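Here are a few exercises to work through with the coordinates open. Try each task yourself before reading the solution.

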Amino acid sequence: MLFLLWLLPSVLAAQPSTPDPISAPLRVLDFGQLNFLHTTDTHGWLAGHLQEPSYSADWGDYVSFATRMREKAEAQGQDLLVIDTGDRVEGNGLYDSSEPKGIYLSDIFRHQDIDLLTSGNHELYKQNTSEAELLVTVPNFRGNYLASNIDIIHPTTNELVPLAPRFKKFTTKKQGIRIVAFGFLFDFNGNYNNTVVQRVSSTIKEDWFQEAIRDKEVDLFLVIGHVPVHSPEYRAIFKAIRGIRWDTPIQFFGGHQHVRDYAQYDSKAFGLASGRFMETIGFMSIDGLASKASHQSAVGPVFKRRYIDNNLLSYYHHTGLDQKTFPTEKGLNVSRLITKARSELHLDKVHGCAPRDLWMSRAKYPDPNSIYTWLETEVLRDVRDESRGDTPRLAIVNTGAMRFDIFKGPFTQDSTFIISPFTSTFRYVKDVPYDKAQLIVEVLNEQPQILSTDESSPTTLGPVEQLAYPEDVIAQNWPSPDEQIPMSGPALVPGYTTKDDAGTDGDDTIHSPISFYRVPNCIQTLISPNALETPKTVDMVYLDFIESKVIMAAKFAGFDVDIAKESDVYMPNMSLTNLILDWVKKNWKC
Ligand SMILES: O=c1ccn([C@@H]2O[C@H](COP(=O)(O)O)[C@@H](O)[C@H]2O)c(=O)[nH]1
Ligand SMILES: [Zn+2]
Ligand SMILES: [Zn+2]
């Protein structure tokens, strides 16, 4: 059933730069015995999207939403569980702009009543981030944080300990559904050396896991993880559980690819991935589970999924409430906390004004509207190290270092971290024959544009970085314009039009489709005093985050220099984030 809501400008006018919203037809949520709300890859976007009305609800609104949804489920004698599958950090001023990073964010995040959560790869890139998980987030969510395959060196005892419990068994409040839950991270190997990520394939051979899946008093296995739902890791977990429990329903929640996705493993096993950056709240319901309350055994359970656009009008619609009845006191307080934090962090401070929108994948590359073309032709021209003077240099940047589009208008302190939050700095190798440097870039760009081996396989070259939209997901989730759902009435708002294993009716809001284009793994800029001549040799400059990939690509390209030994710091302490910020301050006057 569809409902047509007229988005009232007043509802979304809370954010200063929010454009006037237009109409949005909405699908309903079908509740079941057991219901879930799911976030993943929020990357610090707890203030929501200030420039996009479709995703403008903040964490406080989500706190109210979860409360109201729980009330609604429980009033119907049903249960609701709230899940988060990691990558909560890095990617927004609310996290990256504080010193130390994250002090405001963790204090906001903890107010959501989360039943199960786990770690992403971003929680593990740096020692202090994973230690904050161990010392702050795990205790904040006592007993609900799961880490089936992550260990950490405890900063005080120096002992290697599980980051959190490996699994958990519990019974739901209303229906008495007995659940065994796990919390996994994909086969990640880019973590700092204070943590150990055990490969999923070996974790599932461990005694504790084998015992847990042999428990006969289980109505549902719940696997949450920072793992793509279509991935070898989840396939392996599914096979391991199914091998022992041929009939028990299994619900997976995943993430990491920043896409809306839904996987069907068999008729009783499904997986939901709920996008990125607080754009999407995933909803799942399961009906027909064995349960104490209904004294029933499982009867062909029915699984249903929805991707909720994160805005107040979706929230009102799904709870049947309105501007007055929807907010909870706690939710409003969390929104106030966010406003206060943003103000203390000066996130609205304007550094310059973008003359046009610059897109990561909504524009072709190369193109004047592509953020990568802008980087190549303008920003990277400022790559210069004093000590190397005007020595010709080839600057190589992984496209994954860019995280979000730039919208025409004010470029703020928040935008600085939204578009590229990483502290990774530049390194270089001198006297690289120009043709070899070109070959190295070619090799880097020839790597398969998939994610499964990203940062996960030390033995193969693997892709330089993940694409924002990996190829298999593009094929699966991006309907062509002719798959658009025909609607009469007002024009649809452009947005997600997801195609997944259950079809094309997953999005709560019916949007018109947006075109996305592929980008290479790496972009490059040659900076040379003599623009007309190709230099014989260059300083090959790259972000240290991709050094291991550059080393392997150099071997493939037949460049016979020990890069690990010969490379050195270029532009000391200069991150891509700061390079961009300096460029914006100089070039984008308001
Ligand atoms: O220092 C860094 C860290 C990460 N990246 C890029 O991010 C992705 C991983 O991000 P997810 O949110 O986990 O998908 C990684 O593949 C790199 O592309 C980076 O560039 N620099
Ligand atoms: Zn992520
Ligand atoms: Zn991730």
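**Exercise 1.** In which sense do strand E12 and strand E14 pair, and over how many bridges?

Some ground rules before the solution. This is a predicted model, where local features need pLDDT of at least 70 and side-chain atom pairs count only at pLDDT 80 or more, while totals for chains, interfaces and linings use all residues. Residues are numbered from 1 along each chain as its sequence is written, chains are lettered from A and ligands numbered from 1 in the order in which they are written, and side-chain values use heavy atoms, with hydrogens and water left out.

*Solution.* 
- Strands (E, at least two residues) and helices (H or I, at least four) are DSSP runs numbered from the N terminus, and two strands pair if DSSP finds at least two bridges between them.
- E12 (residues 250–254) and E14 (residues 269–274) are parallel, with five bridges; Gly 254 sits opposite Ala 273 in E14.
- Now zoom out: the open sheet has six strands in the order E8-E9-E11-E12-E14-E13, and its pairing is mixed.
- Strand E8 (167–171) and strand E13 (260–266) are at the edges with a single partner strand each, so one side of each has no neighbour in the sheet.
- On average the twist is 15 degrees from one strand to the next.
- Helix H7 (residues 207–214) lies across E8, strand E9 (178–185) and E11, at about 150 degrees to E9. Contact here means heavy atoms within 4.5 Å; axes are lines fitted to C-alpha atoms, for helices over the stretch in contact, with angles from 0 to 180 degrees between N-to-C directions.

**Exercise 2.** Work out which strands E3 pairs with, and how covered E3 is.

*Solution.* 
- Take E4 (residues 79–84): E3 pairs with E4 in the parallel sense over six bridges, and Phe 36 has Leu 81 as its bridge partner there.
- To get from E3 to E4 the chain goes through helix H2 (residues 59–75), a right-handed β-α-β crossover (with the strands pointing away from the viewer, the path from the first strand over the helix to the second runs clockwise).
- Then take E15 (residues 280–287): E3 runs antiparallel to E15, joined by five bridges, with His 38 opposite Gly 282.
- Finally, check burial (buried is under 20% relative accessible area, exposed over 50%, partly exposed in between, with a 1.4 Å probe and protein chains only). In E3 (residues 34–39), six of six residues are buried: Leu 34, Phe 36 and His 38 on one side, Asn 35, Leu 37 and Thr 39 on the other.

**Exercise 3.** Locate the disulfide and give its handedness.

*Solution.* 
- Look for a pair of cysteine sulfur atoms within 2.5 Å; the count comes to one.
- Cys 353 is joined to Cys 590, S to S 2.1 Å.
- The S-S torsion is about 90 degrees, so the disulfide is right-handed.
- Cys 353 lies in strand E17 (residues 350–354) and Cys 590 in the segment after helix H17 (576–587), 237 residues apart.
- Cys 590 is exposed, at 69% relative accessibility.
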